[in-house]
Amino acid sequence: MTQSVIPPSPSREDYAAQLEANADETIFERNEPIALFVEWLEAARASEPNDPNAMALATVDADGHPDVRMVLLKDVDARGFTFFSNQESAKGEQLWANPSAALLFHWKSLRRQVRVRGPVEPVSLAEADAYFASRARESRIGAWVSDQSRPLTDRATLETRVADQTVRFDGQEVPRPDSWTGWRVKPVQIEFWRDRPFRLHDRLRFDRAVEDQSWSRGRLWP
């Protein structure tokens with residue numbers, strides 16, 4: 001390799017160009033993190049090339065080894081951060097065995113991140129049904145097709161099963177499989193990170209009290 005694939009550290013001029021986008025000091029006056037998260041997500045929708053709701057989901061397996069993958073946030077409110085998947089997948093089995101998770105949103109175009117930690121609970125059957133019904137028909141068929149996270153012999157096997165399930169549900173609604181559901185991460189800690197010059201980044205962390213569910217906030221060293 002004649003040239004490194006790792007980009008060089010930013011120059012002074014690069015840092016100067018980055019400064020203005022993350023200079024708003026009012027975020028440190030906020031008392032509640034969910035509304036601030038929604039603001040940042042809205043900004044990401046306007047600037048990210050795709051999937052501004054993509055988030056890394058970290059779990060722990062039965063041997064205590066961490067595992068992480070990208071999933072899509074599908075709802076956020078005062079209760080928490082919701083996503084959907086096959087509960088028989090690796091992530092599903094890990095969440096049932098150890099219902100706690102961490103999330104990471106990284107919006108490269110904004111030079112911002114949000115970290116979330118907390119226990120996990122399954123969504124209600126009504127919530128799972130409602131979101132499943134909103135998906136494209138082909139995606140609903142795909143939920144019946146995939147033995148998610150299990151070994152697959154070849155692509156042809158997958159495509160054959162897609163064809164079989166397409167025929168099976170021809171002319172009828174595609175119901176939600178029992179194996180397909182959603183989870184809600186109930187945040188106990190949310191940290192907002194934004195890029196600042198010379199690696200002197202801003203970090204604002206909210207912690208939720210167990211007693212009354214109120215939020216406290218404080219800065220962290222970069």
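Predicted model: local features only at pLDDT ≥ 70, side-chain atom pairs only at ≥ 80, totals over all residues.
Residues are numbered from 1 along each chain as its sequence is written. Local features need pLDDT of at least 70, side-chain atom pairs count only at pLDDT 80 or more, totals for chains, interfaces and linings use all residues, and side-chain values use heavy atoms, without hydrogens or water.

Student: Is Ala102 buried, partly exposed or exposed?
Tutor: Ala102 sits in strand β5 (residues 100-107). Buried means under 20% relative accessible area and exposed over 50%, with partly exposed in between (1.4 Å probe, protein chains only). Ala102 has 26% relative accessibility, so it counts as partly exposed.

Student: Which residues is Ala102 in contact with, leaving aside neighbours within four places in sequence?
Tutor: Contact means heavy atoms within 4.5 Å. By that rule the partners of Ala102 are Ala56, Leu57, Ala58, Val116 and Arg117.

Student: Why do the buried residues of α2 line one face of the helix?
Tutor: The buried residues of α2 are Pro33, Ile34, Leu36, Phe37, Trp40, Leu41 and Ala44. An α-helix has 3.6 residues a turn, so residues three or four places apart point the same way. The arc is taken from the directions from the helix axis to the C-beta atoms. Seen down the axis of α2, the buried residues line one face because they fall within an arc of 155°.

Student: Which residues are exposed on the other side of α2?
Tutor: The buried set of α2 includes Trp40 and Leu41. On the other side, the exposed residues are Arg45 and Ala46.

Student: At what angle do α5 and α6 pack?
Tutor: Axes are lines fitted to C-alpha atoms over the stretch in contact, and angles run from 0 to 180 degrees between N-to-C directions. The axes of α5 (residues 137-145) and α6 (residues 155-168) are 9 Å apart, and the angle is about 115°.

Conventions
Helix = DSSP H or I, 4+ residues; strand = E, 2+ residues; numbered from the N terminus.
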